[in-house]
Amino acid sequence: MNNYKNKIIGPFTQLLTMDNLPLKGSLCDSQLKTVHQGGIVVCNGKIAAVGEFNQLCSDFRNSSWIEYVENQMVVIPGLIDPHTHICWAGSRANDYSLRLAGKNYLEIAQDGGGIDSTVSHTRDATIAELEALLMERVLKHLKNGVTTTEVKSGYCLNILGEIKLLEVIGKVNQTHFVDLIPTCLAAHIKPSDFPGSQSDYLENIVCELLPIVKKLALADRIDIYIDDGAFSVDEARKYLLKAKSIGFDLVIHAEQFTKGGVSLACELGVLSVDHLEIVEDKEIKLLAASDVIPIVLPGASLGLGCRFASARKLLDSGCSLAIGSDWNPGSAPMGDLLVQTALLGIFEKMTIAESLAGITFRAANALSLKDRGVLKNGFIADMIGFPTSDYRDILYQQGSLKPSKVWKRGEIANDK
Ligand code: NIG
Ligand code: FE
């Protein structure tokens with residue numbers, strides 16, 4: 001221990017701030033601001049200064065100690081995953097082998113696999129088991145550079161079970177370095193044991209669950225899955241309006257297989273609309289004219305063998321674009337955000353700036369987080385260092401170059 005107020009971390013071969021970039025539209029790599037031989041001053045978990053290492057050492061010499069990094073290192077903001085379902089128990093390897101043998105996602109669900117099968121395993125799991133499973137996944141995310149991750153409930157689909165999942169997420173958030181942002185996805189599907197209609201199920205959630213979630217402050221956000229086999233646009237509209245009146249932020253799973261969710265998202269002005277594998281020009285225009293942030297999920301395309309969402313078109317039309325892993329046991333079991341981002345980028349012809357923006361400050365905005373995703377004064381000191389001298393290697397190596405150092409609020413959280 002020492003008595004200095006600040007810590008200077010560096011020198012970094014390249015420091016990529018992701019600062020001063022627009023929230024919406026396409027980006028060129030030449031817009032990226034890099035500091036060569038850079039350093040970061042950290043005070044109480046926040047960034048106090050960013051600049052040239054030698055200059056910082058002289059400016060802050062009386063108040064700081066220095067944490068030196070290895071020879072070659074590129075530092076960027078910690079990654080932010082704005083869409084996951086990582087609080088689950090059980091395996092869906094059987095679904096996967098059926099899919100490889102030619103069955104599709106909806107057929108497998110109708111045959112007793114799918115979300116319902118994860119629901120029965122997750123309902124049976126104890127709180128301690130779920131905590132351990134979630135912790136393991138959060139740790140894997142941290143090793144891969146993810147310092148903030150959204151986590152949805154949605155695998156118990158009854159009142160007590162959904163509370164159990166949100167409490168587990170809250171508990172792991174308190175005990176782990178990584179920040180978890182909980183979202184209530186009780187409107188994932190109507191579970192097979194619910195006796196009434198889809199509308200009855202949603203009404204039950206609104207009356208019985210959401211007031212408790214609000215009262216216990218278990219989540220500020222709610223999500224609904226709009227699709228065949230999940231909920232219709234009209235059912236979702238009613239549900240979302242009621243949730244909004246209780247005070248929740250809204251997000252939607254839309255246009256993975258069925259159209260309609262994006263126009264509803266724009267009509268209601270939700271925070272983000274996620275998936276978009278089948279989104280078309282008309283809806284892209286609506287999105288571009290709105291503040292709704294599209295979140296694309298390449299992990300679901302890779303898991304299901306479907307096309308990627310049209311990221312290039314979304315960006316060229318003036319939309320923002322965040323990228324999530326969708327990590328879940330069914331459609332997206334991989335859970336490696338950087339690999340998925342690199343693969344999306346090569347198929348959709350995204351610049352390195354656009355890809356990195358999608359998993360840093362644009363993802364932060366999709367979660368309404370205004371204090372991270374950029375390396376600049378006042379922001380949380382969440383940073384990841386890669387053992388290279390060229391930031392382009394992060395995507396050029398297609399996710400196989402892993403961070404050798406991860407800092408959470410200025411503290412080393414992972415060191416290889
Ligand atoms: O975002 N599409 C709906 N929900 C999840 C999949 C959940 C599951 O298959 O368990 C998704 O892909
Ligand atoms: Fe999802």
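The shell around ligand 1 in this predicted model comprises four nonpolar, nine polar and two charged residues, where Ala, Val, Leu, Ile, Met, Phe, Trp, Tyr, Cys and Pro count as nonpolar, Asp, Glu, Lys and Arg as charged, and the others, Gly among them, as polar. In total, 15 residues surround the ligand, the closest being Arg92, Tyr105, Tyr155, Asp326 and Ser331 (a residue is near a molecule if one of its heavy atoms lies within 4 Å of it).

The space taken by ligand 1 is the largest cavity, a cavity being a set of points, on a 1 Å grid over the protein atoms alone, where a 1.4 Å probe fits but cannot get out.

Ala186 belongs to strand β8, residues 179–187 (strands are DSSP runs of E, at least two residues, numbered from the N terminus). Ala186 has a relative accessible area of 0% and is therefore buried (under 20%, 1.4 Å probe, protein chains only). Its C-alpha atom is separated by 34 Å from that of Gly45, 141 residues apart along the chain.

Residues are numbered from 1 along each chain as its sequence is written, and chains are lettered from A and ligands numbered from 1 in the order in which they are written. Local features need pLDDT of at least 70, side-chain atom pairs count only at pLDDT 80 or more, and totals for chains, interfaces and linings use all residues, while side-chain values use heavy atoms, with hydrogens and water left out.

Notes:
1 Å grid on protein atoms, 1.4 Å probe; cavity = no way out; pocket = protein on both sides within 12 Å on 5 of 7 lines; lining within 4 Å. Sits in = over half its atoms within 2 Å of the grid points. Helix = DSSP H or I, 4+ residues; strand = E, 2+ residues; numbered from the N terminus. Buried < 20%, exposed > 50% of the residue type's maximum accessible area, 1.4 Å probe, protein only.
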